[in-house]
Amino acid sequence: MRLFTALLGSACLLTSAFAGPMVHHIEYVTPRAGQRGTTVEVTIEGAFIKEAREILFYRPGIRCIELKSLPSLPQPRSTIHGGFIEDSVQAKLQIDADCPLGLHPFKLRTATELTTLSTFAVTRFPIVKEAQEDQPVPMNSAVLGRMDTNQVGDVDTYRVTGRKGEHLSVEVDSVWLTEKFYAGSEFDLTARILDPTGKELARNDDSALHLQDPVLSTILPADGEYRIEVKQRVFNSGGNCYYLAHIGSNHRPLAVYPAGGMKGEKLAATLLGDPAGDEAIHVTLPAQTGDFAFNDTMPSPLMMRVSEFPNVLETKEAESTTASALPAALNGRIEAANDADTFRVKAKAGDRWRVRVFARSFGTPLDPRLTIRKADAETDDITADDSTLPDRDLWAMSRQIQRKELMDPAVIWEPKTDGDYLINITDMRSLGDPTSVYRIEVEPVRDEINTFIQARVIDMVECPRLTSIAVPQGGRWTVNVNLIDAPGTRYKGELDLVVHGLPKGVRMIAPRLLAGQRQVPVQFIADAGTKPQTALISITCKATDGTPLLSRSQQSFPFLGHSGGHAWHSFVVNDYAFAVTEPAPYQIDVEQPTIPLSQNGELTLPVKITRKPGFDEAIEHQFDWVPPGVEGEPTLTIPAGKNEGTLRLSASTSAVPGTYRLAMTASTAGGSYYLGAGRIRASSAFIDITIAQPYIALKSNPTAVRRGEKAQVIWDIEHKKPFEGEATATLLGLPKGVTVINTPKLKSGDKHLTFEISATTEALLGQYKELSCEITVTERNQQIRQRTGKAILRVDPALQKSALK
């Protein structure tokens, strides 16, 4: 872990290449945390947020009751990679007494945008601000501190009074708390607990439970005043390096066994790893399956799982533990070096099981290795160590992002024959620890296709230009929705998208997805009378043939990253932020084409802007989604004062014939062009684009021409579909010095197309392999251009006069 930290810190010193300025709406939130049951005033700093209207929180229990803009800075303050701070907003946040602990992601709705995402932390302890060196603080408090990263060796110390036999537990949130994207090892902190004489009682830098953020606990040996020391693990400069240090008398177990149970049951479990020893507890599990955060008096929870199937607990000292039936959750601990646990299960040929290990996912030190084999076999059917992000239900994340869940194996198991099988688990390093708890869930594979919204921009930063959903009143917004099959999914048919949670007055249009299609533009339309507001929505998939499908939504936001997209901390949400904003000052329309786009052809689309009185800015427009094999022009601009433009689409031979729905996206030209902050965006209505076979296909034999002479390039014509009238033909790819003498016309039914060519005495000699033709057909008063054919032309030297005689 320390090596990783050092490498990451070094990498952050390098200048990264990026395609545009990384302007985030929100750069800093101060203070970073608040206590349950209180009202907190926070300042939000960033760019293009002075017209803030509302805060949308993704989790319940916290709300904004007052929001006002502060004066903008006279001179913007630069951050990194082109980002800057100019605007500030003051918000009063009301936190319920039962508000869930931890990070609460949020976005601002401004007059015209939904901002980039930021977070605010909620703690059970009262907040104390760092104010002085060697600061006294009450027991059971959360200190909001800051590393002075301009001072080498900055050490923050806090004094707390404790009693003999009492816990003193410290959790320092820094990496986990950070809302910055570009940063590095300045947030990698370490903590110590010292007795009144300065003797070290406990120390922690990294932990299996909290990774780079330290967590430590001790039992106090005597009454007295103790010190907590917080400092950087390796010095690295950086701005606004905040942390939240929880200092309390709470116990601090590091694991719970078993780490889950059946929904709704009262589970007998044991807390492990606390300095006072193991503790028996009973946990009432919720009725909802999936991840469950267990917490009592701790600042942060222990993660558990809730399932629909029963637990099987390892039998100590037995050669194997028998599970009476599948599905089941197999639970145990790898407590010592070279320990291995084996479970015997019955399975049938043709069964399909999803087998997932939960160990490092829960913050235990186990690095699990999983094997499955027939009980009477000598070799394993399956050996697994790590897993992929989709295996761990993190399908919206970029593949560059590092997550501890990836250390837990996950497989699809399909037994080849009936009989007894052995599921074995060990530590990859042959290590063991009393807190190395694991849970192996064996459940039937179910068809599942999920949605996510993601823009593949540099370093995988959030890009509101491509991933936000902010619909202007009376306008439209189009966003690309991606789909991904969960491991083991066999359904390959067509899909419809279904939206959940839209406000009244808003509707969604989503084209049907063809078999195998995994991205589609989705359009939202808000009625003119729909009031500006925010909501959390989800988009799920439904099989058109009625096949049962599981489907969920997800979006991922990386923080504390560096060039290359490797983030230390990434926040995952299960809903999409949605907003209706104030009306856009313009409307964009694209004329519905009356002719198809031919394979290997081009299609020109007229674009029209309708401006509201007083609005005269330039408008950029483009297609954010086109079918595979189709390309649109790069972003084009309709200048200020102009209302019309065009945009061309071209299709390759690989474009699949069919009809597709496309929408053009437009934006004002101010603000940040790359991520889109500070721009007013809108969408055209959907138009239908039909991709069709070309009218003709051309073939030609190699042709030669000598300098100073003439020749013919003759194409054989294969008619694909009829056309009316005459088409014009242009010969492309001729070298310098070779020209066409005449431009032939082409009629439907012609068998040959002949070009007369002439070479000058200085024509470039050689062989040219890229000759082709552009055919222009006029249909319904629109020109359709198609490129076809591939021919070879050789330019030879002129014959000598002696040879002519």
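Strand S49 (residues 601-611) and strand S53 (residues 644-651) pair in the antiparallel sense over seven bridges. Here, strands are DSSP runs of E with at least two residues, helices are runs of H or I with at least four residues, and both are numbered from the N terminus. Two strands count as paired if DSSP finds at least two bridges between them. The model is predicted; local features need pLDDT of at least 70, side-chain atom pairs count only at pLDDT 80 or more, and totals for chains, interfaces and linings use all residues. Residues are numbered from 1 along each chain as its sequence is written, and side-chain values use heavy atoms, with hydrogens and water left out.

Glycine 601 has glutamine 786 of S66 as its bridge partner. The two faces of S49 can be listed separately. The covered face holds Gly601, Leu603, Leu605, Val607, Ile609 and Arg611. The uncovered face holds Glu602, Thr604, Pro606, Lys608 and Thr610.

Asparagine 600 is found in the loop between strand S48 (597-598) and S49. Its phi is near 60°, a positive value in a residue other than glycine. Asparagine 600 counts as partly exposed, at 30% relative accessibility. The classes are set by relative accessible area: buried means under 20%, exposed over 50%, and partly exposed in between (1.4 Å probe, protein chains only). Asparagine 338 also has a positive phi, near 65°. This residue is found in the loop between strand S29 (328-333) and strand S30 (340-347). Asparagine 338 is exposed, with a relative accessible area of 62%. Most residues other than glycine have a negative phi, and most peptide bonds are trans.

Cis peptide bonds are found at two prolines. The bond from threonine 30 to proline 31 is cis, with omega near -5°. Proline 31 sits in the loop between strand S1 (26-30) and strand S2 (33-35). The bond from tyrosine 257 to proline 258 is cis as well, with omega near -10°. Proline 258 sits in the loop between strand S21 (255-257) and strand S22 (260-262).

Another set of pairings involves strand S60 (residues 710-719). Strand S58 (residues 696-700) joins S60 through five bridges, and the two run antiparallel. Alanine 697 stands opposite glutamate 718 in S60. Seven bridges join S60 to strand S64 (residues 752-759), also antiparallel. Lysine 710 has serine 758 of S64 as its bridge partner.

Threonine 668 lies in strand S55 (residues 664-668). Threonine 668 counts as buried, at 3% relative accessibility. Contacts (heavy atoms within 4.5 Å) were listed without residues up to four places away in sequence. On that basis, threonine 668 touches Tyr586, Phe615, Glu617, Ala618, Ile619, Arg679 and Ile680. Threonine 668 and arginine 159 are 509 residues apart in sequence and 55 Å apart in space, C-alpha to C-alpha.

Leucine 101 lies in the loop between strand S8 (87-95) and strand S9 (102-110). Leucine 101 is buried, with a relative accessible area of 16%. Leaving aside neighbours within four places in sequence, its contacts are Arg36, Arg59, Val122, Thr123, Arg124, Asn295, Met298 and Pro299. Leucine 101 and alanine 791 are 690 residues apart in sequence, and their C-alpha atoms are 69 Å apart in space.

The structure holds zero disulfides (pairs of cysteine sulfur atoms within 2.5 Å). Cysteine 99 is in no disulfide, and the nearest cysteine sulfur, that of cysteine 64, is 14 Å away. Cysteine 99 is buried, with a relative accessible area of 0%. Cysteine 463 is buried, also with a relative accessible area of 0%.

Values for the whole chain follow. The chain contains three helices and 66 strands. Of its 805 residues, 54% count as buried. Its C-alpha atoms fill a box of roughly 115 × 75 × 60 Å along the principal axes. Among contacts between residues at least 6 apart in sequence, 70% join residues at least 24 apart.
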